[in-house]
Amino acid sequence: MVLNIFLRIVGAATAVSFLTVFFIFLLWGCVATPLVFVGSYFGYRADKIEVPTKTNQIARFIPEVPYYAAPPISNIIAGMLPFGSVCIELFFIMSALWLHQLYYIMGFLLAVVAILGATCAQVSCVMCYLQLCVEDHRWWWKSFFNCASAGLYLFLYSIWFLASKLELVGILPVMVYLTYMSMISLAFSLFCGTVGYLSCFWFTRRIYGAVKVD
């Protein structure tokens with residue numbers, strides 16, 4: 001919204017009219033918000049997720065963990081692999097977005113997304129296993145941020161792309177570029193983090209379900 005105000009001031013062709021912005025907020029208020037309440041209603045009525053073992057009410061003492069299993073080092077290490085699995089394809093996608101080149105290999109893009117999801121799942125399970133081996137049971141948020149940190153690499157890559165490939169003149173085009181790339185990086189982080197968390201949740205249920213507890 002703030003960026004659109006600046007675009008309207010300078011008379012840019014990419015500026016969105018006030019009526020369009022109003023309809024977007026109307027969709028958010030009249031469609032998205034009621035669906036949130038509908039989803040919460042069915043969510044509270046759904047069956048609770050059962051865990052295979054009982055948990056203690058008192059949290060266990062966590063010893064000092066190695067540097068590679070503690071944030072932010074674990075986040076930096078784990079985020080490299082998901083980003084590295086798609087960095088080549090990102091160049092062609094960003095060239096299509098910002099350099100007006102054609103992108104027509106959608107089938108290969110679907111394969112790259114599948115590789116990204118598999119990479120996030122494997123990295124998240126490995127990092128979770130390393131944390132559990134050092135008696136660190138706080139895997140839930142760590143499993144999310146370990147893979148979500150790939151979005152930071154995407155944003156840094158977009159800055160390199162801006163400095164080396166684009167020839168933007170003026171501060172406003174740079175603001176537009178960084179705003180859109182920050183939103184894309186955030187969406188990328190949410191996707192990778194969600195896959196990582198769900199994979200860790202499945203992984204911990206499987207390994208603790210196989211443990212024989214007397």
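S143 lies in helix α6, which covers residues 140-148; helices here are DSSP runs of H or I of at least four residues, and strands are runs of E of at least two, numbered from the N terminus. The model is predicted, with local features requiring pLDDT of at least 70 and side-chain atom pairs counted only at pLDDT 80 or more, whereas totals for chains, interfaces and linings use all residues. Residues are numbered from 1 along each chain as its sequence is written, and side-chain values use heavy atoms, with hydrogens and water left out.

With a relative accessibility of 2%, S143 counts as buried, a class defined by a relative accessible area under 20%, against over 50% for exposed and in between for partly exposed (1.4 Å probe, protein chains only). Apart from neighbours within four places in sequence, S143 is in contact (heavy atoms within 4.5 Å) with S124, G193, G196, Y197 and C200.

T119 belongs to helix α5, residues 106-133. This residue is also buried, its relative accessible area being 17%. When residues up to four places away in sequence are not counted, T119 touches L81, P82 and S85. Between T119 and F188 the separation is 69 residues in sequence and 14 Å in space, from C-alpha to C-alpha.

Helix α3 (residues 73-84) packs against helix α7 (residues 150-164) at an angle of about 65°, and their axes are 7 Å apart. That angle makes α3 roughly perpendicular to α7; angles of 65 to 115 degrees fall in this class, those under 35 are roughly parallel, those over 145 roughly antiparallel and the rest oblique. Axes are lines fitted to C-alpha atoms, for helices over the stretch in contact, and angles run from 0 to 180 degrees between N-to-C directions. On the α3 side, I76, G79, M80, P82 and F83 meet A150, Y153, L154 and Y157 of α7. The residues of this contact comprise eight nonpolar, one polar and no charged; Ala, Val, Leu, Ile, Met, Phe, Trp, Tyr, Cys and Pro count as nonpolar, Asp, Glu, Lys and Arg as charged, and the others, Gly among them, as polar.

Overall, the secondary structure of the protein consists of eight helices and zero strands. The radius of gyration is 22 Å, well over the 17 Å given by the globule rule for 214 residues, so the protein is more spread out than a compact globule; the radius is taken over C-alpha atoms, and the rule is 2.2 Å times the number of residues to the power 0.38. The C-alpha trace spans about 70 × 45 × 35 Å along its principal axes. Buried residues account for 32% of the 214 residues.
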